[in-house]
Amino acid sequence: MVDTPKPKTQKIGMVVYFDWRKAIKSMSYDQKGKLFDYILEYGEKLYKNEHIEPPQDEYVAFAFNFMQGQLDRDYQKWLNKCEQNKRNIMKRYNKDESDFDPLNP
């Protein structure tokens with residue numbers, strides 16, 4: 001199955017960090033699965049600016065609280081990068097054509 005390309009302005013993933021392993025080491029596989037599912041749901045809802053209820057399982061909630069700050073920082077970093085790219089594009093395409101130098105676009 002081939003995945004169709006997504007627009008560059010659509011967030012399609014997030015980073016998972018090795019140091020999260022410490023937070024989930026003592027969790028059961030079932031809890032780890034619930035946590036992973038919750039992380040994916042949180043990322044999607046964060047991107048869509050939708051509310052998400054906290055996890056019901058207290059161990060999943062505890063582990064997620066350890067990870068949430070980094071997920072939020074990564075998302076903000078992505079938003080900032082998108083905004084900077086937008087400004088750069090506007091600078092480039094709003095130039096006066098009389099200033100155009102083909103050797104230095």
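Predicted model: local features only at pLDDT ≥ 70, side-chain atom pairs only at ≥ 80, totals over all residues.
Residues are numbered from 1 along each chain as its sequence is written, and side-chain values use heavy atoms, leaving out hydrogens and water.

**Whole chain**

Switch to cartoon view. The chain has 3 helices and 0 strands. Helices (H or I, at least four residues) and strands (E, at least two) are DSSP runs, numbered from the N terminus. Of the 105 residues, 19% count as buried (under 20% relative accessible area, 1.4 Å probe, protein chains only).

**Two helices**

Now select residues 29–48, helix α2, and residues 58–93, helix α3. They pack at an angle of about 30 degrees, with axes 10 Å apart. Axes are lines fitted to C-alpha atoms, for helices over the stretch in contact, and angles run from 0 to 180 degrees between N-to-C directions. So α2 is roughly parallel to α3 (angles under 35 degrees count as this).

**Their contact**

Show side chains. On α2, pick Q31, K34, L35, Y38, I39, Y42, L46 and Y47. On α3, residues in the contact include Y59, F64, M67 and W78. Contact means heavy atoms within 4.5 Å.

Terms used
Parallel < 35°, antiparallel > 145°, perpendicular 65-115°, else oblique. Buried < 20%, exposed > 50% of the residue type's maximum accessible area, 1.4 Å probe, protein only.
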